[in-house]
Amino acid sequence: MLQYFFTPYSFVILSFDKVCLLFLVGVLVLLACVILVGLFALQHCGTHKVAFMFAPIVIIWLVSILSIGLYNVIHWNPKIVHALSPHYIIKFFSQTGKDGWISLGGVLLSITGMLDQEIDLA
């Protein structure tokens with residue numbers, strides 16, 4: 001039950017994962033608390049207004065990630081686009097059969113389990 005209380009705090013701390021190297025831990029905890037108190041203080045305005053306020057920030061973040069990713073793919077390895085072809089997954093499942101589906105399930109479980117592991121470690 002106590003882990004659900006710390007979940008928002010853990011998400012904020014995990015978002016500052018690389019910043020942790022630059023700041024002292026006390027400063028990082030203070031920054032996370034300020035962000036959480038600010039977000040909870042804005043909730044009285046309604047979630048639609050908070051979402052409207054954060055929408056441009058999220059759009060800028062997603063466009064930045066997209067542009068950096070496209071630049072790196074085009075500049076360093078444009079052949080990686082071939083991995084998006086469904087030919088490879090069809091070939092994989094036709095060769096491996098049931099074992100391929102089992103391995104796909106293991107990959108899915110490992111990806112979704114990482115979030116819980118990071119929260120537990122934080």
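Which residues form a nonpolar patch on the surface of this chain? Good morning. Before I reply, a word on the basis of this talk. This is a predicted model, in which local features need pLDDT of at least 70 and side-chain atom pairs count only at pLDDT 80 or more, while totals for chains, interfaces and linings use all residues. Residues are numbered from 1 along each chain as its sequence is written, and side-chain values use heavy atoms, with hydrogens and water left out.

The patch consists of M53, F54, I57, V58, W61, L62 and I65, which together have about 700 Å² of accessible area. Such areas come from the Shrake-Rupley method with a 1.4 Å probe, and for residues only the protein chains shown count as cover. Nonpolar side chains, namely Val, Leu, Ile, Met, Phe, Trp and Tyr, are joined within 5 Å, and like charges within 9 Å.

Let us take one member, V58. This residue lies in helix α4, residues 47-76. V58 counts as partly exposed because its relative accessibility is 44%; buried means under 20%, exposed over 50%, and partly exposed in between, with a 1.4 Å probe and protein chains only.

I turn now to the aromatic rings. Rings of Phe, Tyr and Trp (its six-membered ring) pair if their centres lie within 6.5 Å; planes under 30 degrees apart count as stacked, over 60 as edge-to-face and the rest as tilted. By this rule there are two aromatic pairs. F92 and F93 have ring centres 5.5 Å apart and planes at 55°, so this pair is tilted. F93 and W101 make a stacked pair, at 4.2 Å centre to centre with 5° between the planes.

Finally, the whole chain. Its secondary structure comes to six helices and zero strands, where helices (H or I, at least four residues) and strands (E, at least two) are DSSP runs numbered from the N terminus. Buried residues make up 11% of the 122 residues. The chain exposes about 10,400 Å², and carbon and sulfur atoms supply 77% of that area.

Technical notes:
Patches are made of residues with over 30% relative accessible area and no salt bridge: like charges are joined within 9 Å, nonpolar side chains (Val, Leu, Ile, Met, Phe, Trp, Tyr) within 5 Å. A salt bridge is a side-chain nitrogen of Lys or Arg within 4 Å of a carboxyl oxygen of Asp or Glu.
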